[in-house]
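Hi,

Here is the structure I promised to pass on. Have a look at it first, then read my notes below.

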Amino acid sequence: VSRLKLMKADHQSKQYQMEDNLLKYFPEQIEKHKGFIKGLEADMETLAAHPHPEDSFAGMEVRGDTLTDKENAGAALLDACKEVKNAEPVQVGSYRGFAMSVSFDAFRQEYTLTHQATLGADPRGNLTRIDNALAQMPQRLESVKAQLDNLYQQQAAAKEEVGRPFPYEDELREKSARLTELDTLQGPRPAGNHRCQKYTPLRPGGASPSHAAESGRQKIQNP
């Protein structure tokens, strides 16, 4: 019975969690992922409108200056990053139609640019990282779509499971009734009223010390 009661409590806990997920978690996460998809699709249109030149640099705007030299643009971007002191994104310029915002991770001691490009100490290397991050947008879009499909599947499964009764309810009820019946047949159990008696060792002859002392007093009083 105890095991069945634990199983029922676990079942009820999972039911409450599914109800909460259906009311809050799934709707919030689904809308969140829809927003990601919409944003990525818009960014991919912007990227297509600003293609990367095959043999040249697209140019970058940093703190109001338009830079056409790749080395100078990378150095200017690093200088702009040094002014960012916390995790709050700060816009430092634009590149290929996108506004560039930088945040600083104090724990990791690194700068992160829009579209998840982590910047290092190499000016030219940073520009390559930015281009790679932009080029990975189609894969990110597919990943977010897959996550959204998974959320829909989890939501559908939760709708099927929520409200289902405890599968062993009949067994629990029968065994609980039987246990109550047995307790009734046994009657009330006597209260524990047994006291621990102090053990008194016997002296030679079978008399306890207290009895021997009493006998001694009697002998003195009655010579």
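**The hairpin and its neighbour**

Strands β3 and β4 make a hairpin with 2 residues between them, and Arg96 in the turn has a positive phi of about 55 degrees. Helices (H or I, at least four residues) and strands (E, at least two) are DSSP runs, numbered from the N terminus. This is a predicted model, so local features need pLDDT of at least 70, side-chain atom pairs count only at pLDDT 80 or more, and totals for chains, interfaces and linings use all residues. Residues are numbered from 1 along each chain as its sequence is written, and side-chain values use heavy atoms, with hydrogens and water left out.

β3 pairs with β4 (residues 98-105) in the antiparallel sense over 5 bridges; two strands pair if DSSP finds at least two bridges between them. Tyr95 has Phe98 of β4 as its bridge partner. β3 (residues 90-95) also pairs with β1 (residues 60-62), again antiparallel, over 3 bridges. There, Glu61 is partnered with Ser94.

**The helices**

Now for α3 (residues 123-135): Pro123, Asn126, Leu127, Ile130, Asp131, Ala133 and Leu134 are buried in this helix, meaning under 20% relative accessible area with a 1.4 Å probe, protein chains only. Seen down the α3 axis, the buried residues fall within an arc of 160 degrees (taken from the directions from the helix axis to the C-beta atoms), so they line one face of the helix.

Finally, α1 (residues 2-49) and α5 (residues 169-186) pack at an angle of about 145 degrees, their axes 10 Å apart. Axes are lines fitted to C-alpha atoms, for helices over the stretch in contact, and angles run from 0 to 180 degrees between N-to-C directions.

Cheers

Technical notes. Expected span 1.5 Å × (residues − 1). Buried < 20%, exposed > 50% of the residue type's maximum accessible area, 1.4 Å probe, protein only.
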